[in-house]
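Me: I am new to this structure. Please show me how to read its features, one at a time.

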Amino acid sequence: MPPAGKPAPTAGERGRPAPGATAGRARPAADGPRRSDEPARPLGVAVIGGGPGGLYTAALLKRLDPARDITLWERNPPDETFGFGVVLSDETLGGIEHADPVVHAALQRDFTRWDDIHIVHRGVLHTSGGHGFAALGRHRLLEILHERCRSLGVELRFRTEAPDPARLARTHDLVVAADGVHSSTRQAFADVFRPRITEHRCRYIWLAADFALDAFRFEIVETEHGVMQLHGYPYSADASTVIVEMREEVWRAAGFDAMDETESVGRCAKIFADALGGRPLKSNNSAWTTFRTVVNARWSHGNVVLLGDAAHTAHFSIGSGTKLAVEDALALAACLREQPTVQAALSAYEEERRPVVASTQRAARASLEWFEDLSRHLAQPPRRFAFNLLTRSRRVTHGNLRLRDPRFTEAVERGFGCPPGTPPMFTPFRLRGLTLRNRVVVSPMDMYSAVDGVPGDFHLVHLGSRALGGAGLVMTEMVCVSPEGRITPGCTGLYTGRQAEAWRRVTDFVHTGAPGTAIGVQLGHSGRKGSTKPMWEGMDEPLDEGNWPLVAASPLPYKPGSQIPRELSRAQLTDLREQFAAAAVRAARAGFDLLELHCAHGYLLSGFLSPLTNHRTDAYGGSPEKRLRFPLEVFDAVRAVWPGDRPMTVRISATDWAEGGTTAEDAVAVARAFAAHGADAIDVSTGQVVADEKPEFGRSYQTPFADRVRNEAGVPVIAVGAISSWDDVNSLLLAGRTDLCALARPHLYDPHWTLHAAAEQGYEGPGVVWPLPYRAGSRRPQTGRTDAPKPRLTLGD
């Protein structure tokens, strides 16, 4: 104690800087933020939010540099928290072990571990093992982190609102905003962080049961009000987390909107009595809520940085937000140690974490939407339904499951119809009179390498090499039905006999050089996207000279600076139908096995389908049925002259990725219409209809649209869009999301992609045949050793 009458020494007088002070440097002016270009070992650190992310960040930063003065504010008491159990992955635990063995050891002592997932659908239980989960109570996790922070000297201020973040930014070297999904810090600097918050279509409530489930359990119940689902898992020897979820309209129909907390909890226990063994559920100030996906344009502002749910959220159905927050903390601490300034560290932190988080959010969005649209999958056989659920986020794949639980996966394969030892991608598929020996399609890819529409040696080698590469179906690029229908001067056509003869040379080679491989032609017309340069000279840019006039559904240019097309008259529509039919006759004589009508990507027929590009007021514009009229007329004209035993498919853009454009619901209606007119399959692509589109790119990002069309319209589909691995192909097929998979860029990278997929899976069978001259290459070459990446942050004991 200090002598009477003398104030206690300040933190700085005790040999360490006071909060906000920095040793050896002048304190900044009170009316300005701290400089973010100061050294990256900040000594005054403010942490807003006492959840796992904020606590772990504080502990790591203090452990890295004990001289730091770190204060954490949490407005709630230390023993008050939402939820019950927390799941952490082995990857996250590995990072914790290397960064702080003390915390890791404490977690290990309290973890509940299990391997199985139980899926109950229409009274049938399926079990998949080998998954490896670890969970503990959220209260216990917070206790461990509280103890660790205190032992290191972090000041924890509970039941205390944090000061205004702008003030903290002026008085501290670093402000870590870990204040959750409703972050006040994010809101205070919303003009900089530019958050985008999306609310979704399901209601859920976070509950618990006083017994340990023996697996991660998904239980589906079909009630008179609609489908409800339970997500449950153990987190201690005598407790489990139970989340009940359902669509908003189901929630209201069941009367949950009029129930209080006690009534809701009791009703949920009755609905899921089988899963709970008749036991009750308990709440913790639990309330029904909708999940909110948080995305921020920026994660830092000066010396203020967002972390965890304040920066990003990912749906609970793929894991724990705690996992992301802990990984954020590890990366932030490492970047502050590695970089020369705070600004450089915060930039490096965001650069490192943003791609990882974006990938996680894409997976979470896929999982979230799968559960939102759960009713679409209910008619699947129970085992396929279980596989579909397990692979819903595209993070768990057929290959993962074969390693984790080969018996379960083999049972799913048998149900699909795979002969022993045959991957799903090498099973045959029949379209009308054509049987494809496998499910791989070389997607149409414009080559812009023709002269006067005539395919030459380039096309023979390009398509021939991919036919030799093992795919079941090889598609041409979009082949134009008239000179004015070309995209570029280098596009191929089928509007002359000379062009048809040149195509015959290609189809003859495919049929004789790669027997068993089918070749299809895609017919189309560029519409308003014509008369442009080849892609490598300026995609969608008008020609410098030699332009030809364009036609379209409506006189709308594709983008500023593009040529304005003429609106097609009734007489011109008739001429165009005849051009498509004449091209189809030439295609049949040229020997093509399948014909695809191109009604996607903003080309002529697609331009009729989208409300963004069709502003007509006659019989071919307005309602969805009227916008469909001309594409269906063209389809009928082509189908009438195309041989009856040869299949026809239609490529559509299932969404325009733009407000007011084609929606997934519209795509289902379009698919149904084409199927009713005789289409054998729908090739489901997206976008490229309007220049200001905002697509949500990512691995297999277009496949949910194919899934929806297949399962709602009841028509076979071809899935496309960043399908990059044979594991993806097997997974999509086995889950019932598609019938065929079309790949473009992988086939540019590797013309023999399908042959190599067979070799890598050890498959030798009728689903893929190596050309005799290539047989010596049918075994995968040996590769050198590769080392695993080092842990992100290693501090030792």
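Reply: An axis is a line fitted to C-alpha atoms, for helices over the stretch in contact, and angles between N-to-C directions run from 0 to 180 degrees. This is a predicted model: local features need pLDDT of at least 70, side-chain atom pairs count only at pLDDT 80 or more, and totals for chains, interfaces and linings use all residues. Residues are numbered from 1 along each chain as its sequence is written, and side-chain values use heavy atoms, without hydrogens and water.

Me: At what angle do the axes of helix α2 and helix α3 cross?

Reply: Roughly 135°, for α2 (residues 90-99) and α3 (residues 101-110), with the axes coming within 6 Å. Therefore α2 is oblique to α3. Under 35 degrees counts as roughly parallel, over 145 as roughly antiparallel, 65 to 115 as roughly perpendicular, and the rest as oblique.

Me: Which residues make the contact of α2 and α3?

Reply: Contact means heavy atoms within 4.5 Å. From α2 come Leu93, Ile96, Glu97 and Ala99; from α3 come Pro101, Val103, His104 and Leu107.

Me: How do I read a sheet?

Reply: Strands of a sheet pair through backbone hydrogen bonds, either parallel or antiparallel. Here, two strands pair if DSSP finds at least two bridges between them. Val176 has Val305 of β16 as its bridge partner.

Me: Which strands form the closed barrel?

Reply: Eight strands do, in the run β19-β20-β21-β24-β25-β26-β27-β28, with parallel pairing. The twist from one strand to the next averages 30°. Helix α23 (residues 703-713) packs on this sheet and touches β26 (681-685) and β27 (717-719). The direction of α23 makes about 170° with that of β27.

Key:
Helices (H or I, at least four residues) and strands (E, at least two) are DSSP runs, numbered from the N terminus.
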